[in-house]
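Take a look at the model first, then read on.

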Amino acid sequence: MYAYDQLDRALINERVDEFRDQVKRRLSGELTEDEFKMLRLQNGVYLQLHAYMFRVAIPYGTLSSRQLRRLAHVARRYDRGYGHFTTRQNIQFNWIKLAELPDALADLAEVGIHAMQTSGNNTRNVTSDQWAGVAPGEVEDPRIWSELLRQYTTLHPEFSFLPRKFKFAITASAHDRAAIKIHDIGLRLHKNAEGETGFEVLVGGGLGRTPFIAKTIKSFVHGHDLLSYVEAILRVYNQYGRRDNIYKARMKILVHELGIEKFAQEVEEEWQQMRGNSLTLDDGIIEEIRSRFTYPAYEKLPHMPDELKKAAHDAHFERWRKNSVALHKVQGYAIVTLSLKPVGGPPGDATADQMDAIADLADKYSFGEIRVGHEQNLALPHVARRDLPALWKALDKLGLATPNVNLVSDIIACPGLDYCSLANARSIPIAQELTRRFANHDIASLIGRLHINISGCINACGHHHVGHIGILGVEKNGEEFYQITIGGRADENAELGNLIGPAVPYAEVADVVEDIVEAYLALRVRPDELFVETVKRLGVEPFRERVYATR
Amino acid sequence: MTSPLEQKKIRIAGPSVVTANRTWDGLVIYRTARGEWSATLSEAAIVRTSEEARALLAESVADDLGAVGAYIAPVEIKESGRIKPGNLREHIRFRGVTIELPVPA
Ligand code: HEM
Ligand code: SF4
């Protein structure tokens, strides 16, 4: 866990008081909506179709049980008893009243939670691997660096009014669970030949109307130089980034228009001037942050405790364990993913009761810690393997043990037209129908890893471009249609998917996905050739044929 | 907010209403003929010409304290006289989400 210091707490409380005053002035007519809009957006408050929406940051996806209980409280007291976990390690509440928002913010502030960096043209919530600090083989805990960046960017005057929003993601594992290649700046921790920690720096990734996969501009930036290098990038962006056209304002467009070499050169020149200045991180500062991340006092435990051997006879338990339990860096422990994708449910939603129960389970089995991943699932990062059977029973009762992690029904979906004022089409009912179609676990595991991502419009909040199967809602003459892409992926081999053909109507989407999956099963050369690998080998043509031959 | 310039350009293709979200809680509301707001679509003032639409919108936008983001939305008027939202988006705003909420109301 990370322990916030006095300064953080003072800052968060100041923000609550400030916002309370702003809301009061808005409700008394002293502030117009035009004046107020900027202020509410700086506090994570959007206006949606039915109500205000409130987005709260969960920096690098780490939550304490106390914090999760407080999120449950906000859901229950100020909202309709649930929240939506997003692809950027935030949680959204969909029904908050403006008049009550200051109280909700104040309740969250008591546990160190806030809504800074969740909206507006600034640097957004720095995201990371939800397995940070516990994944085997990790270079080091990427949250130390995420936290350094968070502190440095929060309310940084130069980065609070950027041409457009700006997103960082950091990973320290060979397998990228943080989707760093679709962020404005992606950082991959690794060590140089001297054994020093540093970063491969990637820039210009992003989805939305004009998607790009990030490219590497420097293969090693020493940890000491992280902030000065990042500042050099942001300065180049601030200087050249287009403020005249919202569609061209993201850094990915600048990188594309200047070209990666020219961009890298500009950054290098800027950096050479700044290098060694006050932004250089000395070991003392790094150690100071490192010391505030505390790890549990792990026990010495066997990998195969009796409890686990006994439970292995229960087919249901085994199915879940094989699907949702991952290796931990410490022997005898495991990382457990909690699927927020029950069959027929809206992806990423958790009720207040579930949140409270998860907090209790975290206290009992995971040293009071919970993680939030970009796939809209939660995780308990420090579970003793001997506790897995008991934990599974408890999760199953709560509807949180659907054994579909990374399978076809583990769908990422944005709120779409059911909630979002920018949407063209609905996302959630499409996801729900797909989870019903693929509810049979045997079939789902036969299919293997397959990520379906759904967005209700081109803003791509549901990451459709990088879904193995991507579904994008569009509108045609007032009807909901969906464009389908295949072959995208968001990991270390990130790629954008390719369109398979004309958009299909709402009622046909699930059939089309079934056709694509059937085609894959027929075309794959081995059972362990993943869907994306088959698409890579064969291209979209055979899938296109299969889908459109009968349509 | 719709600027006066944009308002001039407004053309409607059929019967329409002005809708917005109530400022203090975000509730979906409709402008009534009495210059107030109502959460009930059947109480909305119906406009049938672009001129009427522009006038109703201008009046609605002027109530910056009461409502946020006023705009003109199409409606369908049934033979019975019942007013229905004119598209799926407005249907969802009026009727609510098309899915079961995680916690039943
Ligand atoms: C419901 C209210 C929401 C609104 C109004 C909204 C709005 C937007 C807009 C306008 C963009 C495009 C920005 C750009 O390209 O510059 C965007 C991007 C994005 N949103 Fe949302 N969003 C919402 C909800 C969500 C949710 C629920 C998620 C997660 C499930 C999410 C995750 C993202 C992500 C990951 C991107 C990045 C795409 C990129 O890299 O360009 N958003 N959002
Ligand atoms: S992708 Fe579009 S519809 Fe979905 S949440 Fe983002 S802005 Fe709304």
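Lys167(A) sits in the loop between α5 (143-153) and β7 (168-171) of chain A; helices (H or I, at least four residues) and strands (E, at least two) are DSSP runs, numbered from the N terminus. This is a predicted model, where local features need pLDDT of at least 70, side-chain atom pairs count only at pLDDT 80 or more, and totals for chains, interfaces and linings use all residues. Residues are numbered from 1 along each chain as its sequence is written, chains are lettered from A and ligands numbered from 1 in the order in which they are written, and side-chain values use heavy atoms, with hydrogens and water left out.

**A lysine without a partner**
- Lys167(A) is buried but has no salt bridge; buried means under 20% relative accessible area, exposed over 50%, partly exposed in between (1.4 Å probe, protein chains only).
- A salt bridge here is a side-chain nitrogen of Lys or Arg within 4 Å of a carboxyl oxygen of Asp or Glu.
- The nearest side chain of opposite charge to Lys167(A) is Asp184(A), 6.5 Å away (Lys and Arg count as positive, Asp and Glu as negative; His and the chain ends are not counted).
- Leaving aside residues up to four places away in sequence, Lys167(A) touches Arg88(A), Arg124(A), His183(A), Asp184(A), Ile185(A) and Arg250(A), with contact meaning heavy atoms within 4.5 Å.

**Where chains A and B meet**
- Chain A puts 34 residues in contact with 24 residues of chain B.
- The two chains bury about 2,400 Å² between them, 65% of it on carbon and sulfur atoms; buried area is the accessible area (1.4 Å probe) that two parts lose on being put together, summed over both.
- On the chain A side, Arg26(A), Leu49(A) and His50(A) lose the most area to chain B, together 22% of what that side buries.
- The interface has 1 salt bridge: Asp64(B) pairs with Arg26(A), with the closest N and O atoms 3.2 Å apart.
- Asp64(B) and Arg26(A) are both buried.

**Salt bridges within chain A**
- Asp225(A) forms a salt bridge with Arg275(A), at 3.9 Å between the closest N and O atoms.
- Those partners lie 50 residues apart; Asp225(A) is buried at 11% relative accessible area, while Arg275(A) is partly exposed at 42%.
- Arg437(A) in helix α14 and Asp511(A) in helix α16 are 74 residues apart, yet their closest N and O atoms are 2.7 Å apart in a salt bridge.
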